[in-house]
Amino acid sequence: MTTYNAGKYDIAVIGAGHAGIEAALAAARLGCKTAVFTINMDAVGNCPCNPSIGGTAKGHLVREIDALGGEMGRAADACTLQSRMLNRGKGPAVHSLRAQIDRRRYSAYMKHKLELQENLDLRQAEITDIERSENGTWLLTTRMLGVFEVKAVIIATGTYLGGRIFVGEASYESGPDGIFPAAFLGDSLRKLGIPTRRFKTGTPARVKRSSIDFSELEVQEGDEPTTPFSYDTLEPLENKVVCHVSWTNENTKNIILDNIHRSPLYGGKIEGVGPRYCPSLEDKIVRFADKKRHQLFIEPCGEDTEEMYLQGMSSSLPEEVQLQFYHTIKGLENAVVMRPAYAIEYDCIDPRSMLPTLEFKGFEGLYGAGQFNGSSGYEEAAAQGLVAGINAALKVQGKEPFVLDRASSYIGTLIDDLVTKGANEPYRMMTSRSEYRLILRQDNADERLTPMGHRLGLISEDRYSRYLEKQRMIAQERERVEKTVIAPSDALSAILVSRETSDVTTGVHLIDLLKRPELNYEVLTPIDQGRPELPAAVFEQVEIAVKYDGYIKKQLSAVENMRKLENKLLPHDIDYKNIVGLRLEAQEKLNAVRPLSIGQASRISGVSPADINVLMIYLMKLRHGRAQDE
Ligand SMILES: Cc1cc2nc3c(=O)[nH]c(=O)nc-3n(C[C@H](O)[C@H](O)[C@H](O)COP(=O)(O)OP(=O)(O)OC[C@H]3O[C@@H](n4cnc5c(N)ncnc54)[C@H](O)[C@@H]3O)c2cc1C
């Protein structure tokens with residue numbers, strides 16, 4: 001078969017899923033001539049699972065992607081069907097946005113964004129081979145035998161690489177939603193020296209709206225007012241749909257347990273490891289045997305479709321068994337299944353083979369992002385795609401790499417967890433994964449990241465001046481509440497008594513009232529005459545900063561300590577086997593991960609604080625030795 005020279009690019013992105021889109025847009029927006037390849041042009045930005053963006057901790061990631069100049073937040077706002085702030089009843093650290101989106105409109109939005117982007121070519125082509133050329137560039141061969149020569153490559157192949165579908169006894173090679181898989185690139189990567197492993201994930205059935213009896217189901221409405229993901233969305237979003245809640249029951253459970261032997265998962269046909277935090281229904285019934293029922297949400301997939309998504313009901317049991325157990329569920333007694341539930345197994349890599357820039361160690365100019373790196377979720381994928389795209393562009397332009405640490409963002413936490421601790425199952429972001437969650441809130445993502453996005457060149461001047469104006473308003477309002485003294489009055493006493501907090505007899509600073517857990521801006525409105533007209537987001541920022549001042553200061557000092565350890569860099573060429581005093585397990589783990597700093601070394605599982613002390617002493621001796629040599 002004769003290949004032909006198909007042309008040159010600075011950067012090639014393999015995959016136009018959630019990771020590939022952010023990577024390609026970032027690289028092109030930073031001035032690199034970029035190509036993004038996809039197996040099927042009509043599945044750009046496809047959501048093969050839940051028709052929603054965001055959720056607990058995932059909402060934080062979307063806000064951070066937007067604050068840095070990524071696209072997902074704007075796309076989600078443009079395609080929102082319903083918006084809800086989750087965990088409102090809890091502290092601000094776990095408030096998380098989630099939007100039901102129109103799945104087809106989202107794909108069309110992202111496809112058009114890629115098509116319109118300067119410096120970027122969206123191409124339908126399956127990459128079957130990747131190799132290094134003599135002059136150090138990368139050569140990508142397509143199934144149509146075109147060879148592209150590029151300076152850097154980002155692999156974001158998602159669940160397509162070696163994709164295999166499982167529905168009961170039925171199993172065949174495929175990507176999601178009936179799209180063919182990437183059947184060849186996996187072998188080429190392994191030949192290049194990049195080992196892969198098998199992970200799996202699953203999705204529930206889609207059923208026809210008119211076949212569902214909603215009459216006795218609980219309705220779940222969107223928030224009023226809504227909160228957008230993007231700082232670029234200045235108009236309030238409209239809730240256009242509702243979702244419905246139902247429950248499984250004893251019959252559902254019995255059908256599944258009676259047929260569990262026909263599950264490819266429990267029958268041992270699926271070798272791939274699945275996500276613990278997105279379990280299939282059969283998994284939930286087996287693992288939580290004492291639970292009488294499991295909740296499901298019936299969610300619209302779009303405005304121009306009758307497909308309804310059964311959130312929480314993913315399965316890989318035979319289709320006939322799926323029909324039986326779905327029909328036991330209230331509202332679904334006569335459900336018509338439009339797409340059956342299925343599991344998909346695919347190739348991915350061990351992310352510990354990467355640097356925090358998402359470049360492969362030992363493979364200059366080769367990057368990975370998304371599901372390919374061992375994560376799960378649109379938001380996790382998009383976050384990695386953005387960072388990989390930025391770094392590939394900086395690499396090609398000979399500039400300093402861009403690394404986000406754990407104290408800057410959930411994106412930094414996600415990537416550090418992947419490249420330092422690895423992932424034994426598809427990695428899903430959760431707020432509990434961050435030790436700094438009070439300062440990494442979804443509401444202050446712009447404060448933490450927009451200046452960086454602006455320095456990189458991904459945030460427009462107009463957006464940046466709006467950001468600076470907001471920061472100016474926050475500082476001004478903070479000063480006002482610090483300086484404002486509220487005189488004792490009947491109105492104030494009435495508020496304090498009604499909120500069961502101690503009354504005052506002398507003037508009190510507004511900030512001290514705001515600090516009280518029983519009080520907030522809303523409650524204090526009647527006595528806060530001098531309050532200026534400011535955006536709700538400004539009051540939210542000030543209220544959180546005032547109420548959590550002590551905790552935030554404590555976390556900021558922990559951040560300082562962490563950064564001190566991050567700045568203690570470790571030489572790249574250490575053979576940890578030669579360091580006396582290090583335990584065997586630590587020697588092996590350190591040689592495998594090759595951490596960049598003492599900070600990163602301290603987060604590797606199996607490296608104890610005692611090992612870190614040994615390393616610190618070793619570093620001091622090394623510096624001392626070098627000082628003597630000089
Ligand atoms: C069945 C199923 C169930 C899921 N369930 C969940 C869940 O419950 N929870 C959750 O968080 N996430 C779930 N996901 C995962 C979620 O879909 C992914 O996390 C997300 O889509 C990953 O984004 P990505 O950009 O890494 O890859 P994808 O969105 O999969 O995109 C991959 C892209 O790469 C392209 N591509 C692949 N190989 C090649 C090649 N060789 N040449 C050219 N183009 C190529 C494809 O065409 C596609 O454009 C599920 C996914 C599937 C398929």
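Residues are numbered from 1 along each chain as its sequence is written, and side-chain values use heavy atoms, without hydrogens and water. Because the model is predicted, local features need pLDDT of at least 70 and side-chain atom pairs count only at pLDDT 80 or more, whereas totals for chains, interfaces and linings use all residues. Helices (H or I, at least four residues) and strands (E, at least two) are DSSP runs, numbered from the N terminus.

**Exercise 1.** Determine how helix α9 and helix α10 pack, and which residues meet.

*Solution.* Step 1: axes are lines fitted to C-alpha atoms, for helices over the stretch in contact, and angles run from 0 to 180 degrees between N-to-C directions. For α9 (residues 378–396) and α10 (residues 410–421), the angle is about 90 degrees and the axes are 10 Å apart.
Step 1: angles under 35 degrees count as roughly parallel, over 145 as roughly antiparallel, 65 to 115 as roughly perpendicular and the rest as oblique. α9 and α10 are therefore roughly perpendicular to each other.
Step 2: with contact taken as heavy atoms within 4.5 Å, Glu 380, Ala 383, Gln 384 and Val 387 of α9 meet Ile 411, Leu 414, Ile 415 and Leu 418 of α10.
Step 3: Ala, Val, Leu, Ile, Met, Phe, Trp, Tyr, Cys and Pro count as nonpolar, Asp, Glu, Lys and Arg as charged, and the others, Gly among them, as polar.

**Exercise 2.** Repeat the analysis for helix α2 and α10.

*Solution.* Step 1: α2 (residues 58–68) packs on α10 at an angle of about 110 degrees, with the axes 9 Å apart. This makes α2 roughly perpendicular to α10.
Step 1: from α2, His 60, Leu 61, Glu 64, Ile 65 and Leu 68 take part, and from α10, Tyr 410, Ile 411 and Leu 414.
Step 2: by class, the residues of this contact are 6 nonpolar, 1 polar and 1 charged.

**Exercise 3.** Locate the buried residues of helix α8 and identify elements that cover them.

*Solution.* Step 1: buried means under 20% relative accessible area, exposed over 50%, partly exposed in between (1.4 Å probe, protein chains only). In α8 (residues 319–326), Val 321, Gln 322, Phe 325 and Tyr 326 are buried.
Step 1: their arc, taken from the directions from the helix axis to the C-beta atoms, is only 130 degrees, which puts them on the same side of α8.
Step 2: the cover includes β10 (164–167), α6 (250–258), α7 (281–287), β17 (307–311) and β18 (337–339).

**Exercise 4.** Describe strand β19 and the sheet that contains it.

*Solution.* Step 1: in β19 (residues 342–348), 7 of its 7 residues are buried. Tyr 342, Ile 344, Tyr 346 and Cys 348 point one way, and Ala 343, Glu 345 and Asp 347 the other way.
Step 1: two strands pair if DSSP finds at least two bridges between them. β19 pairs in the antiparallel sense with β10 over 3 bridges and with β12 (residues 197–203) over 7 bridges. Phe 166 stands opposite Ala 343, and Arg 198 has Asp 347 as its bridge partner.
Step 2: the open sheet has 4 strands in the order β11-β10-β19-β12, with antiparallel pairing. β11 (170–173) and β12 each have a single partner strand, so one side of each is left without a neighbour in the sheet.
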